[in-house]
Amino acid sequence: MSSVDRRAFLQSAIAGLGAATLWKLQPASAAPQSDAKNLKIATFKFDATPPIGHGCCGGWIKPIEVVDDPMEGLGFVLLGAGPPIVVCVVDWTGILNEAHVAWRKALAEAAGTTPDRVSVHCVHQHNAPMACIEAEKLVTKLGNLPHLLDLVFFEKCLAGACRAVAEAIQSPQPVTHIAHGEGKVEKVAGNRRIMGPDGKLIAMRGSASKDPQHHALPEGLIDPNLKTVAFYNGDRKLAACHYYACHPMSYYGDGRATADFCGLARRRRQVDEPGCLHLYFNGCGGNIAAGKYNDGSQEARLVLTQRIYDGIVLSEKNLAREAVTSLRWATQDVLPQTDPKYDVGRILAQIADKTQSVANRNRPAYTVSWIRRCEKKIPITLSALHINRTSLVHFPAESFIEYQLRAQQMAPDRFVACAAYGDGGPWYIPTAEAYPQGGYEVSVAWCGPGIDDVLTQGIRSVLVGPA
Ligand SMILES: [Zn+2]
């Protein structure tokens with residue numbers, strides 16, 4: 001496809017979104033198990049660094065002024081086991097709603113497959129774009145607000161991703177073996193919701209904190225393990241996917257683009273092994289951050305980078321290869337309901353109110369985008385890739401850690417690795433129990449507590465089969 005054709009395609013992909021007829025809620029689908037004898041992998045990477053001046057994290061922190069290190073997109077295509085499967089991860093804050101659908105459609109087209117066989121995730125760094133086309137159009141229309149997303153950059157980046165996929169699948173490598181491992185990460189993650197004796201939230205321990213009390217309080221509920229799933233041709237490791245649940249920022253809001261400590265650790269591992277693509281996925285880290293162990297200093301970023309790197313190395317020490325005998329891709333479309341407390345008319349009036357702060361105007365643009373997406377009945381596609389007894393499970397948005405732990409409990413006989421920050425539309429996905437506790441995450445969760453059941457059942461469906 002020429003760049004002109006590609007551009008036309010992307011524009012039509014974006015313009016055509018939301019046609020409800022295209023996006024019927026599909027029933028659970030578990031493609032038949034493949035023997036995977038001819039399985040091949042094609043890895044790809046592309047640049048995702050936003051231009052100077054690009055808005056960060058939805059436009060309420062300082063835009064990009066300097067690039068400390070590049071933001072990247074990385075992924076792999078699996079071929080030879082039914083239509084191709086694409087898994088991609090990008091160093092952005094989020095890709096939401098129709099932007100997420102646009103990514104899946106475009107990557108599917110590039111790989112010669114269908115969008116339901118594409119999963120796209122973000123690592124969730126905050127000095128980075130939070131890409132929502134509808135929200136960008138809304139703030140542009142209402143004027144006097146910083147841009148959330150440079151649509152030209154968005155298209156250019158996605159076109160680069162498609163080119164990378166199209167090139168990669170020209171020379172795939174056979175996959176004969178996979179391996180899984182895990183290792184405990186020391187002193188990074190802590191639960192950021194500090195609860196009082198009455199069961200209400202009393203404090204939030206964010207990504208960085210100088211409060212000694214925040215450092216002294218226990219880690220709380222986390223998943224301390226970093227998990228790895230690696231693909232091999234014989235004894236040659238071709239790709240290694242690492243999974244760990246924690247907000248990935250050591251400090252931010254300073255206008256400096258960086259992949260931050262998780263991305264930096266991954267990149268260090270990449271230097272160790274140039275022949276293997278290392279990918280890092282953020283797990284269900286909606287309520288997890290580094291504030292227990294991070295004072296937000298430059299030194300702390302180095303320390304956290306080292307700890308994630310050590311976790312990756314430890315996890316990889318345990319890798320034991322096994323021949324690939326089966327592969328299955330399962331999906332389930334879900335459309336969780338918007339919390340009825342959100343009223344579009346009132347929110348639009350707030351966005352247009354120039355006496356309000358930028359955050360109070362830009363942020364609700366994402367709420368409206370979610371509501372309108374639901375009206376168009378554009379579902380979230382949950383998916384899982386099952387290879388032998390290993391399952392890679394793909395969650396949306398800022399899912400709480402409980403969902404990841406639940407998934408592992410649902411399939412105790414499988415090795416379950418969880419990637420979240422897929423379709424970011426719903427923003428936070430707390431558990432039902434967390435709603436009455438209150439707190440920041442609940443205040444910016446666009447769905448009501450019913451999402452707990454919808455997501456739990458959906459994940460059960462892709463992981464262990466429909467009920
Ligand atoms: Zn977050």
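Helices (H or I, at least four residues) and strands (E, at least two) are runs assigned by DSSP and numbered from the N terminus. Counted that way, this predicted model has 12 helices and 25 strands in its chain. One spot to start with is His124, which sits in the loop between β7 (118-122) and β8 (130-131). Its phi is near 85°, a positive value in a residue other than glycine. A residue is called buried once 20 or more other C-beta atoms lie within 10 Å of its own, so His124, with 27 of them, is buried. Asn388 has a positive phi too, about 50°, and is likewise not a glycine. The loop that holds Asn388 runs between β21 (380-387) and β22 (390-394). Here the count is 17 C-beta neighbours inside 10 Å, so Asn388 is partly exposed.

Zooming out, the C-alpha trace spans about 60 × 55 × 45 Å along its principal axes. A compact globule of 467 residues would have a radius of gyration near 23 Å, and the chain's 21 Å agrees with that. Buried residues make up 55% of the 467 in the chain. Among contacts with a separation of 6 or more, 80% link residues 24 or more positions apart.

As for confidence, the pLDDT averages 93 over the chain, and 93% of the residues score at least 70. Residues 12-24 are another story, with a pLDDT below 50; this stretch still has 17 contacts in the model beyond near neighbours in sequence. Where pLDDT is low, the predicted coordinates should not be read in detail.

Next comes the inside. The largest nonpolar core has 137 residues, and Leu107 and Val165 have the most contacts inside it. Helix α2 (residues 97-111) gives this core its largest share, nine residues. Leaving aside residues up to four places away in sequence, Val165 touches Phe44, Val77, Val86, Leu107, Ala110 and Ala111.

Strand β4 (residues 72-79) has eight of its eight residues buried, so the rest of the structure largely encloses this strand. Both faces of β4 are covered: Glu72, Leu74, Phe76 and Leu78 are buried on one side, and Gly73, Gly75, Val77 and Leu79 on the other. Strand β2 (residues 40-47) pairs with β4 in the antiparallel sense over eight bridges, with Thr43 opposite Phe76. Strand β5 (residues 85-90) also pairs with β4 in the antiparallel sense, this time over six bridges, and Phe76 stands opposite Val87 there. Five residues lie between the strands in the hairpin of β4 and β5, where Gly80 takes a positive phi near 95°.

Further along, five strands make an open sheet with mixed pairing, in the order β17-β15-β14-β10-β19. The edges belong to β17 (277-282) and β19 (320-323), each with a single partner strand, so one side of each has no neighbour in the sheet. From one strand to the next, the twist averages 20°. Within this sheet, β10 (residues 177-184) and β14 (residues 225-233) run antiparallel and are joined by eight bridges; His177 stands opposite Tyr232 of β14. Two helices lie across these strands. Helix α6 (residues 260-272) lies across β15 (236-244) and β17, running at about 160° to β17. Helix α7 (residues 298-317) lies across β10, β14 and β15, at about 130° to β10.

Note on methods:
Residues numbered from 1 in each chain as written. Predicted model: local features only at pLDDT ≥ 70, side-chain atom pairs only at ≥ 80, totals over all residues. Pairing = 2+ DSSP bridges. Axes fitted to C-alpha atoms, helices over the stretch in contact; angles between N-to-C directions. Contact = placed C-beta atoms within 7 Å. Buried ≥ 20, exposed ≤ 12 C-beta atoms within 10 Å, placed from the backbone. Rg over C-alpha atoms; globule rule 2.2 N^0.38 Å. Core = buried A, V, L, I, M, F, W, Y, C linked by C-beta atoms within 7 Å. pLDDT = per-residue confidence, 0-100.
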